Amino acid sequence: MTTSDAIVVPELYAGYPKVAFGGYVAGVLAERSGAPTVRVDFRGPVPVEVPVRIAETADGGVELGEAERPLAAARPAELLLEPPAAPSWDEAAAAAERFRAAPPAGVVDCFGCGLRTADRGLRVHCTPVPERGLVASAWVPSRAFADRDGLLPNHLVWGALDCPGNWAGRFLGTQRPGAVTAALTGTIERPVAAGEPYVLYAWLLSESGRKHMTGVALATAAGELCAVSEALWIDPRPVG
């Protein structure tokens, strides 16, 4: 037995043109699930500004899209991932500035890592931290996205856990522009306050052909862990 209704992803939360940002979709499903750790598998692009069925399933999961061919599906999971120590705020700030000064090839108008104003995007801008084997971004979530308690909603914390994995694959591995999130497993350890300084960082776990596994962590400026995720990114198919 399932219960279902529909959601509409606003165009603000696009990742690629007319396609919902994967981190936002994962966060919406994770919130709906209610499990402390959730894995979200993506099976097709979720459109923006279009009602899409969302349903809770009998096994404690949540799916988005038609029952026969869901576009995304979430289920309770475990995450056995030990993040490395966070880089310093100064290291992460320098990495973010390098991204903004010379945007990498393949940057799109993404809610997560696009070059948007702070009230229209998360502005997670990662480049490598020298001699650390990871990418990082200093990050101050905008108060424009805060709830009435001044906290960033959990679905947007999930959003912040998405894009750093892409840039880890790009800068530290062989991942190609245009890759998409195929699966995202995450857990939030503590609330994230809007307007406060944080460090987002990511590292490469493994690669095999078109598949790239990355880890992502969110920490306070003092290095206290707030959230962590593991993602599978898949390259676009070769043309021709």
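**Reading the features in turn**

Modeller: Strands β9 and β11 run antiparallel, with 5 bridges joining them. Two strands are said to pair if DSSP finds at least two bridges between them. Helices (H or I, at least four residues) and strands (E, at least two) are DSSP runs, numbered from the N terminus. In this pair, Val 135 stands opposite Ala 202 in β11.

Biologist: On what basis are such features reported?

Modeller: This is a predicted model, in which local features need pLDDT of at least 70 and side-chain atom pairs count only at pLDDT 80 or more, while totals for chains, interfaces and linings use all residues. Residues are numbered from 1 along each chain as its sequence is written, and side-chain values use heavy atoms, with hydrogens and water left out.

Biologist: Which residues of β9 point one way and which the other way?

Modeller: In a regular strand the side chains alternate between the two faces of the sheet. Here Leu 134, Ala 136 and Ala 138 point one way from β9, Val 135, Ser 137 and Trp 139 point the other way, and all are buried. Buried means under 20% relative accessible area, exposed over 50%, and partly exposed in between (1.4 Å probe, protein chains only). Because 6 of the 6 residues of β9 are buried, the strand is largely enclosed by the rest of the structure.

Biologist: How many bridges join β8 to β9?

Modeller: Strands β8 and β9 run antiparallel and are joined by 3 bridges. Val 129 stands opposite Leu 134 in β9. The hairpin of β8 and β9 has 4 residues between the strands, and Glu 131 takes a positive phi near 65 degrees there. A second hairpin is formed by β5 and β6, with 5 residues between them, and Gly 60 in its turn has a positive phi of about 90 degrees. Strands β5 (residues 51-56) and β6 (residues 62-65) also pair in the antiparallel sense, over 3 bridges, and Ile 54 stands opposite Leu 64 in β6.

Biologist: What phi does Lys 18 have?

Modeller: Most residues other than glycine have a negative phi, and most peptide bonds are trans. Lys 18, although not a glycine, has a positive phi of about 70 degrees. Lys 18 lies in the loop between β2 and β3 and is exposed, with a relative accessible area of 60%. Arg 123 is not a glycine either, and has a positive phi of about 55 degrees. The loop between α2 and β8 holds Arg 123, which is partly exposed at a relative accessible area of 26%.

Biologist: Is Pro 104 buried or exposed?

Modeller: Pro 104 counts as buried, at 13% relative accessibility. Its place is in the loop between α2 (89-101) and β8 (127-129). Leaving aside neighbours within four places in sequence, Pro 104 is in contact (heavy atoms within 4.5 Å) with Phe 99, Trp 167 and Phe 171.

Biologist: How many residues of α4 are buried?

Modeller: In α4, 8 of the 10 residues are buried, so the helix is largely enclosed by the rest of the structure. Among the buried residues of α4 are Trp 167 and Arg 170. Their cover includes α2, β9, α3 (154-160), β11, β12 and β13.

Biologist: How is a pocket identified, and what volume has the largest pocket?

Modeller: Rolling a probe the size of a water molecule over the atoms shows where empty space is left. On a 1 Å grid over the protein atoms alone, a cavity is a set of points where a 1.4 Å probe fits but cannot get out, whereas a pocket is an open set with protein on both sides within 12 Å along at least five of seven lines; lining residues have an atom within 4 Å of a point. Grid points are joined across faces, edges and corners, and a volume is the space filled by probe spheres set on the points. The largest pocket holds about 480 Å³ of space. It is lined by 29 residues, and the closest to its centre are Tyr 16, Gly 22, Ala 179, Val 180 and Thr 181. Helix α4 gives the largest share of this lining, 4 residues.

Biologist: What of the fold as a whole?

Modeller: The protein has 4 helices and 13 strands. Its radius of gyration, 17 Å, is close to the 18 Å that the globule rule gives for 240 residues, so the protein is as compact as a globular protein of that length. The radius is taken over C-alpha atoms, and the rule is 2.2 Å times the number of residues to the power 0.38. Of the 240 residues, 49% count as buried.
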